[in-house]
Structures are given as structure tokens and as C-alpha cells.
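Here is a short briefing on one structure. The points are grouped by topic.

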Amino acid sequence: MKIAIVGYGAMGKEIEAVAEKQNIIIKNIFDIDTPINENENYDFDVAIEFSNPDAVLNNVKLLAQKGKHIVIGTTGWTDKIEIVKKYAEKYNIGIIWSSNFSIGMQVFYRIVNEASKLINNFEIYDAFISEMHHKNKKDAPSGTAISLANIMLQNLQTKNKILTENINRKIHSNELQITSIRGGNIAGEHNIYFDSEVDTIKLTHNAKNRTGFAIGSIQAAKYIFNKKGLYNFENILW
């Protein structure tokens, strides 16, 4: 399998390092100064896309037209997921995406799923989420936080709405609030709270660096190689 990296920021460089350790051939690296050329044929099998939300759709279209399989690690674009699905079908390629390619976060999703099912049996608990990322992250809340919130909404009968904006009022009991902090060099921290008058249950996933995301995205590239259609990384690990 030969890969290309789309987006050569901190994540792109981490993917490059992990790929080299696994003896995976990197044929091309694309970024703002070296964009994908729609008129050029490239000799790679899978592109791993970690650019920015505004560029995802165009990158996917160009890569799909060239018959390349795609891993999408960028977040903040999933309102266009049906368009991406059509590209996979039209050009007969495989695309796999996730809000978080960390294997540890995939485990954390399942922990939060089971915890929120248990908490749903006890009305004394309120639930909310906080997340922190580095100062250069371009979307807030994180795609991971939204994924966690959606997991919780499926299980908590008291919550049916995700609240992401700052408010100057009392929060409504049906609202599941996500608070976001951006600063420093934090790779990613997500906290789930179940709070009552008598105690607090706090679940935390703390990414120590970007290596876990890179390892997961390489694993996703190996999975999608020679497959067709649109896949979610969260559904292929178990």
C-alpha cells in the first residue's frame, strides 16, 4: 500500500513519522503550497486527509475522481457527508472517516455509552461535557465532543438537545452542554460529567500526543485499501 498525505501540519507530520516506522511508502504530500493537481496522475493507493473543514469536500472530490481511496480525519465537515457518500459510490472507491482515529477514544466511546445507559436509571444526575484542544484547532466544539454527546443523547431520556454556544441564561434541563477551551498545545482532552447533589462521576480521555491519531489513521488506510463505499472507523474495530 502506497499512501499520500493531504495536509502537512502537525497531524500530517505525525502520520509521516508513523508511516515511516511501519515501512509504508509515502508517494505524495499535499498542502496549501503543493495542492492536488486535477490534471496529474498519481501513484498512490490511499490518501489520508487531515487538512481543514473548508477544504475537505474539494479534496475528496479530486481524489475520488482519480480513483483513490480516502481516509478523512479532518472534523467539522460532516454536514456534507451525503455528498461524500455519493462520491464514493460514483467513483467506486472506499472512504473511511471518523471524528477521532485514536483507538483509546474508540474504547472511550463505548465506556461513555455504557455509563450513560446506567445513569439513565437515576434522575438525580445531570450530564454535561467539556473539551480542550490546542490554540490552532479550527473547529469548536470538537467533532469528538459532538460524537460523545450524540452517544449520550441516545441513552439519556432527560436530554434531547446539544448546546454548544455560550449562554447568558439558566440552562434548560433537556440541554446537554458542551464547553470548549482552545489554548496552548493540548493534543485533546474530553471530560464527561454526571453530577448530582451527593457526588460527581467524571470520565476523562486525555490524548498525550498526536501519535494515537496517526496510528489509527494508518490502520484505517489499511482497512479501506481495496474496499468500496463509505465507512465509519467506529464501526469497523469490533
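**Briefing**

N23 counts as exposed, because its relative accessibility is 69%. Exposed means over 50% relative accessible area, buried under 20%, and partly exposed in between, with a 1.4 Å probe and protein chains only. N23 sits in the loop between α1 and β2 (25–30). Its phi is positive, about 60 degrees, although N23 is not a glycine.

This is a predicted model: local features need pLDDT of at least 70, side-chain atom pairs count only at pLDDT 80 or more, and totals for chains, interfaces and linings use all residues. Residues are numbered from 1 along each chain as its sequence is written, and side-chain values use heavy atoms, with hydrogens and water left out.

**Overall fold**

- The protein chain has six helices and 11 strands. These are DSSP runs, numbered from the N terminus: helices are H or I with at least four residues, strands are E with at least two.
- The radius of gyration is 19 Å, close to the 18 Å that the globule rule gives for 238 residues, so the chain is as compact as a globular protein of that length. The radius is taken over C-alpha atoms, and the rule is 2.2 Å times the number of residues to the power 0.38.
- Along the principal axes, the C-alpha atoms fill a box of roughly 60 × 35 × 35 Å.
- Of the 238 residues, 46% count as buried.
- Among contacts with a separation of 6 or more, 68% join residues 24 or more positions apart. Contact means heavy atoms within 4.5 Å.
- The protein chain exposes about 12,300 Å², and carbon and sulfur atoms supply 47% of it. Accessible areas come from the Shrake-Rupley method with a 1.4 Å probe; for residues, only the protein chains shown count as cover.

**Nonpolar cores**

- In soluble globular proteins, nonpolar side chains tend to be buried together.
- The largest nonpolar core has 22 residues; I3, I15, I48, V71 and I218 touch the most other members. A core is a set of buried Ala, Val, Leu, Ile, Met, Phe, Trp, Tyr and Cys residues joined through side-chain atoms within 4.5 Å.
- At least two residues of this core come from each of β1 (2–6), α1 (10–21), β3 (46–49) and α6 (211–224). The largest share, six residues, is from α6.
- Beyond four places in sequence, I3 touches A19, I24, I25, I26, K27, N28, F44, V46, I48 and I218.
- Another core, of 21 residues, lies apart from the largest one; its members include A64, V84, I93 and I95.

**Salt bridges**

- The count comes to nine salt bridges. The rule asks for a side-chain nitrogen of Lys or Arg within 4 Å of a carboxyl oxygen of Asp or Glu.
- D126 pairs with K159, with the closest N and O atoms 2.7 Å apart. D126 is in strand β6 (residues 126–133) and K159 in the loop between α5 (143–155) and β7 (161–163), so the pair ties together parts that are 33 residues apart in sequence.
- D126 is partly exposed at 34% relative accessibility. K159 is buried at 4%.
- K161 forms a salt bridge with E175, the closest N and O atoms lying 3.9 Å apart. K161 belongs to strand β7 and E175 to strand β8 (residues 175–182), so this pair ties together parts 14 residues apart in sequence.
- E175 also forms a salt bridge with R169, at 2.9 Å between the closest N and O atoms.
- E175 is buried, with a relative accessible area of 2%. K161 is partly exposed at 42%, and R169 is partly exposed at 39%.
- K2, K27 and D43 are linked in a salt-bridge network.

**Surface patch**

- I103, V107 and I111 make a nonpolar surface patch of about 210 Å². Patches use residues with over 30% relative accessible area and no salt bridge; like charges are joined within 9 Å, nonpolar side chains (Val, Leu, Ile, Met, Phe, Trp, Tyr) within 5 Å.
- I103 is in helix α4 (residues 103–119). I103 is partly exposed at 33% relative accessibility.

**Backbone and local points**

- N226 has a positive phi of about 75 degrees although N226 is not a glycine. It lies in the loop between α6 and β11 (229–232).
- The peptide bond from A140 to P141 is cis, with omega near 0 degrees. P141 is in the loop between β6 and α5.
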